[in-house]
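Reader: I'm new to reading structures, and I'd like to know where the labels come from. Could you take me through one?

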Amino acid sequence: MISDSPKPKEPRFRLAPAWWGVIPSLLALLLFIAYPLIQVFQMSTQKYSIVYEGFAGFHNYARMLADPNVGRSLLLTLIFGLCTLPLFVGLATLCAIELEGTRLERLVKAILFLPSLWTIGASAIGWYTLYEPDYGMLATLTGGFLRLPWHDKGWAGVALIVLFTIWQNVGYGTLIVSAGLKSIPTEVFEAARVDGATENQLRFGIVLPLLRPSIVFLAVVGSLYAIQSYTAVLLLTQGGPFGSTRVVGYLIYETAFGTAPNLGYGAALSVLILALAFTFSAFQARALKSDL
Amino acid sequence: MIPSLKPEAREKVQAGSPPKGTWFGRIVVGLMVVFVLLPIIWLAYSSFIPKEALFKPDVTIPVGFTFQNYLELPFKELIRPLLLSLLLSSIVAGLQVLIALPAAFAIRAGTNVLPLYLFLLSVPAELLLVPLYGLLKDLNLLNNPLALVLPFLASPFTVFLLYGGVVKLPWAYVEAAKLDGATNLQIITKVIAPLLRPEMTAASVLAFAAHWNLVLYPKIVLNDKNWATVQVALTEMLQKDPNNWGALGAAAMLTSLPILVLYALFERRVTRVIEGGLK
């Protein structure tokens, strides 16, 4: 650099050569993500069951406030997130640290990641026939000793979805932590050992603090699982027993496309959850910024 | 290698290696592997259980081995949806990478729309099901297989993944190609694409799996038995006869085969790209 003059200010928008490369992708994204993101507000003010029936004003929102299912569903999603997150982050971190540098590292990481790609309908079949409380393989095999009664106990339904979510995602978490682990320079461990640090001091005094960025990233990703869990709910419990696994994503689906479809009300619910999700991720973006 | 240097070198590696494993950790990892593999192994096993075994009082004792379950898989209710999904997910995976590549290059070359992509990436798309349904209805795309392709043409995630790869490439290659008179299109197809093969492979595999594993979406926008996707078919099989383990297991194994093959071929690239994505 020739002089110390301050950098010229970045123009807000710049077209560089090959700018046309973004056109197809941007057009598709604007039409299928950005436009629905705006459209959802309009739909939420409409009386719209299966067909458009007219303007409804804030009717859908008023109904939302009076609907006990909404609060219940939000609380359930929060509980679900609070159960999943520590398990997900803890297990992924432990697996990654434990596997680092061992002979089985690659094989075990490959195995742990497999469920996240595995045909999800097939996974559901495997889980259903294995863990079904009355006729399932595990219950039959152990004479009813090891059974999760998710047909009639609410907590068991939630536990099932939590376990399924962990099953699907723990491998991804392990890969993320593993990447963070590999980026710690070996000199750090060397220096600590020369200074006489014990293995436990290495674990809790060095590895965990240095893994903080990866762990924060996992926490962000993991909290999204609470919003995405509706697929597992649809496949395994269909919201039951007695609505105890009706997470917000599933509530929207049931409202908008269930037996009494109401797209307008479903849109209003979507707006609420979107607003909550964005507020939440704004806080998280702050946490990430200070860490990455 | 000089033999006398060996012990010293090994010692150095150990001093710089991360903390040793613990018994507790080893047990947890072992349990996790069992927990992860159990449903998959069970599926593989159950797919070979003969039908008669299900009517015996204790099905846990292996009563035989048969391919019958695989041979009896219904064409219309399962094989056709499987083929349809294979076709659609492959098209989507291919097009997604094809569309993302020039976008990733353009962003690297200086078109500063990255924040817009980051924003679109942060939108939880699963919450847009309702307005997307409205849009597809207005476009007359409901119950049309195009509804399973068009909205997935572009993915901010794929663009981001490929951008991560382009950033790591030495830009001097591009400058050199430019000096030799290559057009941008030639640079993308002849310089960037070959260098980016690992990322493109991983992105295609992930895009394929993501599209392949859609359940709710196809159920809603393609509410037509003739256009059932593989996941819709599996869900219906499970709901219709949840106790027919043999048939369910065979269907689950057969429909997992494409994923298994893809993963066996490209496991290294996929895990590498995910691990590298954060750095």
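Reader: What share of the contacts in chain B with a separation of 6 or more comes from residues 24 or more positions apart?

Author: That share is 79%. Two residues are in contact if their C-beta atoms, placed from the backbone, lie within 7 Å. Before we go on, this is a predicted model: local features need pLDDT of at least 70, side-chain atom pairs count only at pLDDT 80 or more, and totals for chains, interfaces and linings use all residues. Residues are numbered from 1 along each chain as its sequence is written, while chains are lettered from A and ligands numbered from 1 in the order in which they are written.

Reader: Why is Ala282(A) called exposed?

Author: Count its neighbours. A residue is buried if 20 or more other C-beta atoms lie within 10 Å of its own, exposed if 12 or fewer, and partly exposed in between, with C-beta atoms placed from the backbone. Ala282(A) has 10 other C-beta atoms within 10 Å, so it is exposed. You'll find Ala282(A) in helix α13 of chain A.

Reader: And what makes Gly94(B) partly exposed?

Author: Gly94(B) has 13 C-beta neighbours inside 10 Å, so it counts as partly exposed. Gly94(B) sits in helix α4 (residues 75-109) of chain B.

Reader: How much of chain B is buried?

Author: Buried residues are 42% of the 279 residues in chain B.

Reader: Which elements does chain B have?

Author: Chain B has 13 helices and 0 strands. Helices (H or I, at least four residues) and strands (E, at least two) are DSSP runs, numbered from the N terminus.

Reader: Which residues of α13(A) are buried?

Author: Among them are Leu263(A), Tyr265(A), Val271(A) and Ile273(A). The buried residues of α13(A) pack against α1, β1 (46-48), α2 (59-66) and α12 (248-257) of chain A, together with α6 (129-138) of chain B.

Reader: How do you know what span to expect for helix α3 of chain A?

Author: The expected span of a helix is 1.5 Å times one less than its number of residues. Helix α3 (residues 68-99) of chain A has 32 residues and reaches 46 Å from its first C-alpha to its last, close to the 46 Å expected. Helix α13 (residues 263-289) of chain A, with 27 residues, reaches 37 Å, close to the 39 Å expected.

Reader: At what angle do the axes of α3(A) and α10(A) cross?

Author: They cross at roughly 145° and come within 9 Å, where α10 covers residues 212-228 of chain A. Axes are lines fitted to C-alpha atoms, for helices over the stretch in contact, and angles run from 0 to 180 degrees between N-to-C directions. By class, this contact has 10 nonpolar, 6 polar and no charged residues. Here Ala, Val, Leu, Ile, Met, Phe, Trp, Tyr, Cys and Pro count as nonpolar, Asp, Glu, Lys and Arg as charged, and the others, Gly among them, as polar.

Reader: How many residues do the two chains bring to their contact?

Author: In this contact, 98 residues of chain A meet 84 residues of chain B. Helix α1 (residues 23-44) of chain A gives the largest share of chain A's side, 13 residues. By class, that side has 67 nonpolar, 22 polar and 9 charged residues.
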